[in-house]
Amino acid sequence: MAAEARPRADRWILGSAALLTGLGIVTVYSTSSPLSFGREGADAFYYLKRSLGYAAVGAAACGVAARVGPERWRSLAYPALVLAILLLFLPWVPGLAHSAKGAQRWVRIGGFGFQPSEVAKFALVLFLAHNLTRRADRITTFSRGFLPTVVLPGIPIGLVLLEPDLGTAILLSAVVACMAFAGGVRLRHLSAAAAPALVGVAGLLWFVDFRRERLLAFLDPWANAQGAAFQLVQSLLAFGTGGVWGVGLGAGRQKLHYLPEAHTDFILSVWAEELGLLGVLAVLVLTAVLVGRGFAIALRQSDPFRRLLATGISCWLGLQAGINALVVMGLLPTKGMSYPFLSYGGTGLVISLAAAGVLAGLGREEPACAS
């Protein structure tokens, strides 16, 4: 008899990603309408239309990614990393670079713009899953296992750090550490690498003026409410105003030019004001379902590459969401980092949906063949 029909991709992953994306589109429209009127043409639907376009591209990427087999992904590991490194050089190329607020993080070609660091997240996870699998027989050694595993990922992380984007560099480093540990790297090797890295981060926080100001403002935000802590204070006010039930979708005030980056990095704050504690919990639960399901998929994989790929994507999305949530709640220093699926942003949404597609595809049970 012929083999059974191939099962569908994991519905929990796809459903959670779709719901978060839908909530993000609604919130982006609610949040960005005031910003839209400040643009030439005064189109209140400017950000909504772009979000819908990004979501459509992302949904297509998700569908394609869910159907690509693990071996094909594995064959793309090195090309993806090389492409990511090349893209990370583009923000420094005159005519292509698009800087904002002193950072070189974007590339613009004609009317199309993208953020290379978002591509680097997926490429790094893919490369590590392949490299850790390939070196499994010697991964516990330092020179032949651990060192080659971290040297190549250090290149895109260093380029991200130069943009400068310390938050994303820390996120990528954390994903590397998580995947390395899951891949069998010895804890003492990771600890030896973490110690100088933490010293370096401390130096970058303290000896770079704008980061030191943010750190001090984080420690006492109300004393710097009109300065470096303005964004954090406005975020806390949004959470406080929303209470348990929220003031109603569309009725929030913090988005009316009080809260900077309300439609991107601080979109969860607007959601908290308008939908309250229950609305925030809904977002966090959906994220936990997606990430938890991802780890469950990883645990049941017999193939090391599949297991590490699922682990890496789950760590990446979970850590990014967690960092964003802690920042907007005032539990971490302010750092520009979007909430996966929820925040406005084309590259981030498309790449996140593609990653969710890969994860959902890994959750597909292989059918048994009957003779």
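This is a predicted model: local features need pLDDT of at least 70, side-chain atom pairs count only at pLDDT 80 or more; totals for chains, interfaces and linings use all residues.
1. Two packed helices are described by the angle between their axes and the distance between the axes. Here, helix 6 spans residues 142-161 and helix 8 spans residues 187-206. They pack at an angle of about 20°. Angles under 35 degrees count as roughly parallel, and helix 6 and helix 8 are therefore roughly parallel to each other. Their axes lie 11 Å apart. The crossing of the two helices is right-handed.

2. Which residues make this contact? Helix 6 supplies Phe 142, Phe 146 and Leu 161. Helix 8 supplies His 189, Leu 190, Ala 193 and Leu 204. By type, the contact of helix 6 with helix 8 has 6 nonpolar residues, 1 polar residue and no charged ones.

3. Now the empty space. Rolling a probe the size of a water molecule over the atoms shows where empty space is left. The second largest pocket has a volume of about 730 Å³. Its lining counts 23 residues. Nearest the centre of this pocket are Ser 173, Ala 174, Ala 193, Ala 194 and Ala 197. Note Ala 193: this residue also belongs to the contact of helix 6 with helix 8.

4. Which elements give two or more residues to the lining of the second largest pocket? They are helix 6, helix 7 (166-182) and helix 8. Helix 8 gives the largest share, 9 residues.

5. Of its residues, 19 are nonpolar and 4 are polar. None is charged.

Notes. Residues are numbered from 1 along each chain as its sequence is written. Side-chain values use heavy atoms; hydrogens and water are left out. Axes are lines fitted to C-alpha atoms, for helices over the stretch in contact, and angles run from 0 to 180 degrees between N-to-C directions. Helices (H or I, at least four residues) and strands (E, at least two) are DSSP runs, numbered from the N terminus. Angles under 35 degrees count as roughly parallel, over 145 as roughly antiparallel, 65 to 115 as roughly perpendicular and the rest as oblique. A crossing is left-handed if the near helix is turned anticlockwise from the far one by less than a right angle, and right-handed if clockwise. Contact means heavy atoms within 4.5 Å. Ala, Val, Leu, Ile, Met, Phe, Trp, Tyr, Cys and Pro count as nonpolar, Asp, Glu, Lys and Arg as charged, and the others, Gly among them, as polar. On a 1 Å grid over the protein atoms alone, a cavity is a set of points where a 1.4 Å probe fits but cannot get out, and a pocket is an open set with protein on both sides within 12 Å along at least five of seven lines; lining residues have an atom within 4 Å of a point. Grid points are joined across faces, edges and corners, and a volume is the space filled by probe spheres set on the points.
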